[in-house]
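The following exercises are to be worked with the sequence and the model in view. Each task is followed by a solution in steps.

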Amino acid sequence: MSKENGGPAFPNTVLITNEDYASLRGMTLRDYFAAKAMQGLISRKECFNFDTFKDDPLRVARWAYDEADAMLKAKESTN
């Protein structure tokens, strides 16, 4: 079972030759949301109990992806 990733965060199409285009998908929306959540946690560590996270980077990453999943779920429910 794969997680819903929200599709590409910044899709783009690039002209390679006069007739050929390539689709650049880049990072997923889930990855983008997780990066923003992690950035928020790290920048405002005094607002969180950061001491419980600082010695376990995987815990920070899991928390960020949990937040990203919640954002995708909220986004889906408002469409």
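**Exercise 1.** Leaving aside its neighbours within four places in sequence, which residues is Thr28 in contact with?

*Solution.* The structure is a predicted model, in which local features need pLDDT of at least 70 and side-chain atom pairs count only at pLDDT 80 or more, while totals for chains, interfaces and linings use all residues. Residues are numbered from 1 along each chain as its sequence is written, and side-chain values use heavy atoms, with hydrogens and water left out.

Step 1. Apply the contact criterion, heavy atoms within 4.5 Å. The partners of Thr28 are then Asn5, Gly7, Pro8 and Ala9.

Step 2. Examine the side chain of Thr28: it reaches the backbone nitrogen of Asp31 at 3.0 Å.

**Exercise 2.** Why does Thr28 count as buried?

*Solution.* Buried means under 20% relative accessible area (1.4 Å probe, protein chains only). Thr28 counts as buried because its relative accessibility is 18%.

**Exercise 3.** Which residues form the largest nonpolar core?

*Solution.* Step 1. Select buried Ala, Val, Leu, Ile, Met, Phe, Trp, Tyr and Cys residues joined through side-chain atoms within 4.5 Å.

Step 1. The largest such core has 8 residues: Ala9, Leu29, Phe33, Ala34, Ala37, Ala64, Ala68 and Leu72. Helix 1 and helix 3 (57-78) each give two or more residues to this core, and helix 1 supplies the largest share, 4 residues.

Technical notes. Buried < 20%, exposed > 50% of the residue type's maximum accessible area, 1.4 Å probe, protein only. Polar contact = N/O pair within 3.5 Å; in protein donor to acceptor, adjacent residues only side chain to side chain.
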